Amino acid sequence: MKKLNVCALTVASMITMSTMTPLFAKGVKTPSIPKKTVVWVDTTSSKFKDAMSFEMPIKNKAKDMKITGAGVKVKDGTYTIPTSNKKFEASYVSYMAEAGVGIYAKGKVSDALIGQKGTLKFNVVQNHHTYHLSTSFVTKKNPGRLKYVKVNGVNILSKFKEDQGGDFNVSLKLANKKVKVDYKVQYPNKDHGVFIMPENGDEVSFKKNTVVKKGDIISIAVLAPGWERDTGYNIKVK
């Protein structure tokens, strides 16, 4: 009887170790996303109000990764994932895998969404194993793209007018003058650089004290949280 028990224990141990080893083998890393994030409510534009989080790349994902879980839907490589707050859902696009998962508002966006909370939960299936991922989120107000824009020392931010495409534009008499542009991008937005778009020619990076020509456009590019949503603050030279 003792020999039988020892053999049974040995066999059971071998089975257990063979099934557990891949999970704990040296070099195998568990997929993960940040434990918490912010969904930024942006109502500063009169035409494009939205609420979006920064992209959350899935670390240690494999090529065969799939997303599963309660309520998860997939179509043409795009996963839609519900959250605990019915006003928000998440998205993951397979052919933009480096961007990861993003949370956004499903319906109408207004300042009433500020202060909302929720949790996102889903499974990552890869290498024949299932991993449970989750993050909590809270919504905060995006204060606006820029704090100020100064041209040769004068703040002109209030002069910009929004166009149908969601960019902001102003025309100034600056032709054949040296132009110095100073500006401050407000967090959570990101500075995407300043460029000169000539009336004829290719776009080039703007440098301080540059002499501009009539027809040039000086464009300050700002990225809001989300999926590469670039807003231009454009100064038309006249």
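**Exercise 1. Find the strand that holds aspartate 42, then say whether this residue is buried or exposed.**

Step 1: Aspartate 42 sits in strand 1, which covers residues 36–42. Strands here are DSSP runs of E with at least two residues, helices are runs of H or I with at least four residues, and both are numbered from the N terminus.

Before going on, a word on the model. It is a predicted one, so local features need pLDDT of at least 70 and side-chain atom pairs count only at pLDDT 80 or more, while totals for chains, interfaces and linings use all residues. Residues are numbered from 1 along each chain as its sequence is written, and side-chain values use heavy atoms, with hydrogens and water left out.

Step 2: Aspartate 42 has a relative accessibility of 1%, so it counts as buried (buried is under 20% relative accessible area, exposed is over 50%, partly exposed is in between, with a 1.4 Å probe and protein chains only).

**Exercise 2. Which residues surround aspartate 42?**

Step 1: Start with its side chain, which makes a polar contact of 2.6 Å with the side chain of threonine 44. A polar contact is a pair of N or O atoms within 3.5 Å; within protein, one must be able to donate a hydrogen and the other to accept it, and residues adjacent in sequence count only if both atoms are side-chain atoms.

Step 2: Now skip the neighbours within four places in sequence. Aspartate 42 is then in contact (heavy atoms within 4.5 Å) with Phe48, Lys49, Asp50, Val109, Asn142 and Arg145.

**Exercise 3. What is the strand order in the open sheet of three strands?**

Step 1: The order is 11-10-15, and the pairing is antiparallel. Two strands pair if DSSP finds at least two bridges between them.

Step 2: Strand 11 (154–155) and strand 15 (181–185) are the edge strands, as each pairs on one side only.

Step 3: Strand 10 (residues 146–151) is joined to strand 15 by five bridges. Look for leucine 146, which lies opposite valine 185 of strand 15.

**Exercise 4. In which sense does strand 20 pair with strand 13, and in which with strand 19?**

Step 1: Strand 13 (residues 168–172) and strand 20 (residues 229–237) are parallel, with five bridges. Phenylalanine 168 faces tyrosine 233 of strand 20 here.

Step 2: Strand 19 (residues 217–224) runs antiparallel to strand 20, with eight bridges between them. Alanine 224 has arginine 229 of strand 20 as its bridge partner.
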